[in-house]
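Morning, everyone. Let me put the structure up, and then we'll go through it.

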Amino acid sequence: MAEVDETMKRLQNQKGVQGIIIVNAEGIPIKSTLDNASTVQYAGNIHQLLMKARGIVRDIDPQNDLTFLRIRSKKNEVMIAPDKDYFLIVIQNPTE
Amino acid sequence: MCDYQKCKHWGGNQDYTSTRNKRKTHLCCDMAEVEDTLKRIQGYNGVIGSIVVNAEGIPIRTTLDNSTTVQYVGLLHQLTMKARSTIRDIDPQNDLTFLRIRSKKHEIMVAPDKEFLMIVIQSPTE
């Protein structure tokens, strides 16, 4: 757990990082640096998108699997790192 | 960059496109620029394929075979729509500008636009 906290602190200290959320396999956020409302909003929406992206990668090639997802928008960039049991969401402002 | 009236194509076919700042450029010059850009992208090390899709979801340029193109376009069009609505749900003033899907074997980059969608597939380890 200490290692997880240290990693989160390291990420949070990077320039431009606005928030970090760790979500479990069921789509429930278990750790977050954002307020509750934003966390729930991000976790829910992104969980669905992640499932869809993973499905598409597997449809194209069943031997392949999703390793990272980057969604860039006008205001910020959302990076999603999926894993077996969890997924990590980091929101950053890349222009900073 | 085509300068319309000063361009070598002036006096011939006057078909033009209006650019974002309302400047006119000849359609044939724009097409040449598009072809150059596509060639440049396809020439990069590791690029497996590139596809340009129009607003109706029909691929208008592709360097891949037909069935692969159709498969990628169908699936990625849906994903782009979902990513765009996810961004807008979180903040209605925001909009999707780029999407990068990295997998074990390669990376798919999607650049959406008002009228078109560009998909590039690359093998990032090369």
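Which residues lie nearest the centre of the second largest pocket? Before the answer, one caution: this is a predicted model. Now the answer. Val4(A), Met8(A), Ile22(A), Tyr86(A) and Leu88(A) lie nearest the centre.

The space in the second largest pocket is about 270 Å³. Where does the lining come from? Helix 1 of chain A, residues 2-12, strand 2, residues 29-32, and strand 5, residues 86-92, each give at least two residues. Helix 1 of chain A has the largest share, with 4 residues. By class, I get 10 nonpolar residues, 1 polar and 2 charged.

Next, the interface. The size of an interface is often given as the accessible area lost when the parts come together. Here, chains A and B bury about 2600 Å² between them. Carbon and sulfur atoms account for 62% of that area. On the chain A side, Leu49(A), Ile56(A) and Ile60(A) lose the most area to chain B. Together those three make up 20% of what chain A's side buries. As for residue counts, the contact takes 27 from chain A and 28 from chain B.

Keep Ile60(A) in mind, as Ile60(A) also lines the largest cavity. How many cavities of 30 Å³ or more does the structure hold? The count is 1. About 40 Å³ of space lies in the largest cavity. Its lining draws on both chains: Val57(A), Ile60(A) and Asn64(A) from chain A, and Ile101(B), Ser103(B), His106(B) and Ile108(B) from chain B. By class, the cavity lining has 4 nonpolar residues, 3 polar and no charged ones.

Last stop, Glu107(B). Glu107(B) sits in strand 6 of chain B, residues 107-112. Buried or exposed? Glu107(B) counts as buried, because its relative accessibility is 7% and the cut-off for buried is under 20%. What does its side chain pair with? The side chain of Arg100(B), through a polar contact of 2.8 Å. Leaving aside neighbours within four places in sequence, Glu107(B) also touches Ile101(B), Arg102(B), Val120(B), Ile121(B), Gln122(B) and Pro124(B). One of those, Ile101(B), is on the cavity lining as well.

That's my tour. Over to you.

Note on methods. Residues numbered from 1 in each chain as written. Chains lettered and ligands numbered in written order. Predicted model: local features only at pLDDT ≥ 70, side-chain atom pairs only at ≥ 80, totals over all residues. Heavy atoms only, no water. Buried < 20%, exposed > 50% of the residue type's maximum accessible area, 1.4 Å probe, protein only. Polar contact = N/O pair within 3.5 Å; in protein donor to acceptor, adjacent residues only side chain to side chain. Contact = heavy atoms within 4.5 Å. 1 Å grid on protein atoms, 1.4 Å probe; cavity = no way out; pocket = protein on both sides within 12 Å on 5 of 7 lines; lining within 4 Å. Points joined across faces, edges and corners; volume = space filled by probe spheres on them. Nonpolar A, V, L, I, M, F, W, Y, C, P; charged D, E, K, R; others polar. Buried area = accessible area lost by both parts, 1.4 Å probe.
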